[in-house]
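Dear colleague,

Please read the notes with the structure open beside them.

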Amino acid sequence: MTTFASYRTKVLHLYKTANKQTSEMKSFMELKNILEQSDIRIVFQPVVSLTNAEIIGYEALSRGPKDSMLERPDALFSTAAKYDLVWELEYLCRRATLEKAKDLAPSKMVFINVDPKIINDPRFQKGQTQDMLCQFQANTGNIIFEITEKTAINDYKGFCCILDNYTSQGYKIAIDDTGSGYSGLRTLAEIRPNFIKVDMELVRDIDKDNLKQAMLKALYDFSVSTNSKIIAEGIETQDELTTLISLGIPYGQGFFLQKPLPEFSEIPDSIKQIILDLNKRKKRELYHTSMTLPIGEIAQQEQAFPSSTVGSVALDYFSQHPACQGITIVDDDRPVGLLMKSKFLANLATQYGIALYMNRPIRSHMDKNPLIVAYDTPIEVVSKSALSRKDDDIYDYIIITNQDKYFGTVTIKKILEKTTQLELNRAKHANPLTGLPGNLIIEGELDKLLKGNSGNYAVLYFDLDNFKAYNDVYGFERGDKVIGLTAEVIQQDLHSYYTGESFLGHIGGDDFIAITRGNDVTELCERIISDFNHRIVDYYNHEDCNRGYIRTKNRHGIPEDFPIMSLSIAVVTDKQRTYTNILEIAETASQLKKQCKLNWQSCYCIK
């Protein structure tokens, strides 16, 4: 006997089935109308260089009619797939895209999404895309077929053969949604794409996730070795952008840069400036040490709360932002305290914690004496201050101020990471023989000197005389020791005269360069020469020292007597002239070095 309840269940099931069928029929009719009326909307999102803020191209994104049930692309293409009409829909989208792209600048690329199953379709392979390009006078070199990795590729060999056919015609290939799909690295290895588009889930909150950063860095290294270009998708915050630029990711797209629009739009000038400023900061870090990089450069600009905020609001914020470990308390734009998550939760866990802390202002239990430092304080100084705190406070946030107003926070972890990165940068660009900064850092220091407009400086160029002859007689191993001696002498005397205000670099071979803040360097030059002359004799044998020279063949193969090595110092100062570029300094130094070479003993010339 059928009960009322079972009858009602059957009726509801039939009703839902009928509604579902009705909805599916509406979807089908909507899709049919779109295809017959060519009623498709194409929007374009710029793909932006993260090094110079230039737009390299646009991704074409398809939308159904506005306010229709198929307006969203996921609904549109899933419906097409259900009724086996993906080819027809993609053909319509591709044609609409190329028609709008005919007016695009020749230097810009157009990224067109293509389902791998469509590429296998004989209709796709008959050259219809080429016919469209001819019709709209577009260039195949500007077209990027964007293959989504979310669709499985079963026959790699056949699929790659088809792609080879298109790449041979000048088309380029991008793998979309890398990091989210079925085939992962195999897709990259088999297809060897021109572009690798990283899925937005890997980009989301990458500034807070070290694992994501490591994964993206590995993917970037892979792209470099395979001559592919990485494009980070779904950039939505400035912090994400900052992290991507620091990792070296060359291209990106996302709502933070520009949302998809019906026309080929530029990115806002404010975003361009952010990208350019971040790259300038990244370049400056090549020349920084932990004693010169300001702590403010690595600060995270977290939300702050007034001291009147109640505990329940703080708890809600911590719950909504799991990565946040502390809250800065600010009154009148000035930091007055710090509330660390671990300590706050520990207080709540006490017997009367909920009653005591949830509805009371956090001023009653915040740390009223947190570590607060100014933006320009060097990282190393901050690190020492942070580590000198009590054990319970060592991992507390460090609060950064700019002109006495709250700016952001830094963690011990961030300081350690940045210090390590700075040391690796210096090591990478250092001369392997002396460990001194090499040419890239030297150029940066000179550039910084000239752009600083501070004046009152001296640039010293050091050069060993008769070094080649010494190498010929005593060998390269002994010659390397002499170079080490020279670096040691200059460094010791330089630091004793200009503590914290000097720079020494190794140009290469027996050439060195020093920069001092202060152009009265006569006493310094005399001290360096005196120390060098006193110590260099230890690198010759007794007989050569007594004789005062060594005998070997010159560059023309003729035996010649070469005196004991000496040191020439060409000093360029801003006493009589203002220099505007590095080349001008180098030209003056070259003239001074020629004067020094006329003297067969250690000497210096200052201008």
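A residue is called buried here when its relative accessible area is under 20%, exposed when that area is over 50%, and partly exposed in between. Please also keep in mind that this is a predicted model.

I began with the aromatic rings, and a search of the whole structure finds 10 aromatic pairs. One of them joins Trp-87 and Tyr-91, whose ring centres are 5.7 Å apart and whose planes are at 40 degrees, a tilted arrangement. Both residues belong to helix H3 (residues 86-101), and because they are four residues apart in it, about one helical turn separates them. Trp-87 has a relative accessible area of 7% and is therefore buried, whereas Tyr-91, with 28%, is partly exposed.

Another pair is made by Phe-111 and Phe-195, which is edge-to-face because the planes stand at 70 degrees, with the ring centres 5.4 Å apart. Phe-111 lies in strand S3 (residues 109-114) and Phe-195 in strand S6 (residues 195-198), so this pair ties together parts that are 84 residues apart in sequence. Phe-111 is buried, at a relative accessible area of 0%, and Phe-195 also counts as buried, at 6%.

Elsewhere, the charged end of Arg-547 sits over the ring of Tyr-549, at 5.0 Å from its centre, and Phe-44, Tyr-58 and Phe-264 form one aromatic cluster.

I then turned to a sheet. This open sheet is built from five strands in the order S16-S17-S15-S20-S21, with mixed pairing. Strand S16 (502-508) and strand S21 (603-606) stand at its edges, and since each has a single partner strand, one side of each is left without a neighbour in the sheet. From one strand to the next, the twist averages 20 degrees.

Helix H20 (residues 522-536) lies across strand S15 (457-465), S17, strand S20 (566-573) and S21, and runs at about 165 degrees to S20.

Technical notes
Residues numbered from 1 in each chain as written. Predicted model: local features only at pLDDT ≥ 70, side-chain atom pairs only at ≥ 80, totals over all residues. Heavy atoms only, no water. Phe/Tyr/Trp six-rings, centres within 6.5 Å; stacked < 30°, edge-to-face > 60°. Helix = DSSP H or I, 4+ residues; strand = E, 2+ residues; numbered from the N terminus. Buried < 20%, exposed > 50% of the residue type's maximum accessible area, 1.4 Å probe, protein only. Lys NZ or Arg CZ within 6 Å of the ring centre and 35° of its normal. Pairing = 2+ DSSP bridges. Axes fitted to C-alpha atoms, helices over the stretch in contact; angles between N-to-C directions. Contact = heavy atoms within 4.5 Å.
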